Amino acid sequence: MLSRLQELRKEEETLLRVKAALHDQLNRLKVEELALQSMIKESEGNMSVSSTAAMEEEDQNMDNEAAINQTKLQLQICISEEEEEEEEEEEESDS
């Protein structure tokens with residue numbers, strides 16, 4: 001019962017770290033979105049609307065891919081840490 005409670009606490013900590021990482025990523029994406037919108041507004045005077053839309057879509061796809069890769073990396077780190085903790089617990093309980 002006690003070990004199950006400890007396991008649940010560790011899962012909670014992991015989930016809280018993932019939540020914080022996702023929140024940080026969301027904030028970064030919002031900042032990037034605002035920067036892109038600003039760039040688009042600046043370039044509208046110099047470019048046609050169709051070319052601006054194409055650039056926006058391309059930039060957005062690149063940013064989304066980078067964000068996805070960053071989130072995957074953060075999740076892999078959290079999962080790796082959790083697996084290491086579980087292995088250490090198993091080794092301690094086997095001893």
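My entries below go from the whole chain down to single residues.

**Ground rules.** I am working with a predicted model, where local features need pLDDT of at least 70, side-chain atom pairs count only at pLDDT 80 or more, and totals for chains, interfaces and linings use all residues. Residues are numbered from 1 along each chain as its sequence is written, and side-chain values use heavy atoms, with hydrogens and water left out.

**Whole chain.** I looked up the secondary structure and found two helices and zero strands. These are DSSP runs numbered from the N terminus (helices: H or I, at least four residues; strands: E, at least two). Next I checked burial: 13% of the 95 residues count as buried. Buried means under 20% relative accessible area, exposed means over 50%, and partly exposed lies in between (1.4 Å probe, protein chains only). The accessible surface of the chain is about 7,800 Å², and carbon and sulfur atoms hold 54% of that. Such areas come from the Shrake-Rupley method with a 1.4 Å probe; for residues, only the protein chains shown count as cover.

**Helix α1.** I found 43 residues in α1, with 62 Å from its first C-alpha to its last, close to the 63 Å expected at 1.5 Å a residue. The expected span is 1.5 Å times one less than the number of residues. Which residues of α1 are buried? They are Thr14, Val18, Ala21, Gln25, Leu36, Ile40 and Ser43.

**Salt bridge.** I found one in the structure. The term means a side-chain nitrogen of Lys or Arg within 4 Å of a carboxyl oxygen of Asp or Glu. Here glutamate 7 pairs with arginine 4, and their closest N and O atoms are 3.1 Å apart. Both partners sit in helix α1 (residues 2–44), three residues apart, about one turn of the helix. Glutamate 7 is partly exposed at 34% relative accessibility, and arginine 4 is partly exposed at 44%.

**Helix α2.** I turned to helix α2 (residues 49–94), which supplies nine residues, the largest share of the negative patch. Members of this surface patch include Glu11, Glu83, Glu87 and Asp94. To join a patch, residues need over 30% relative accessible area and no salt bridge, with like charges joined within 9 Å. Glutamate 87 lies in α2 and is partly exposed at 48%.

**Last check.** Glutamate 81 is also in helix α2, and is partly exposed at 33% relative accessibility. How far apart are glutamate 81 and threonine 14? I read 67 residues in sequence and 8.6 Å in space, C-alpha to C-alpha.

Note on methods:
Patch = residues over 30% accessible without salt bridge, like charges linked within 9 Å, V, L, I, M, F, W, Y side chains within 5 Å. Lys, Arg positive; Asp, Glu negative; His and termini not counted. Charge placed at Lys NZ, Arg CZ, Asp CG, Glu CD.
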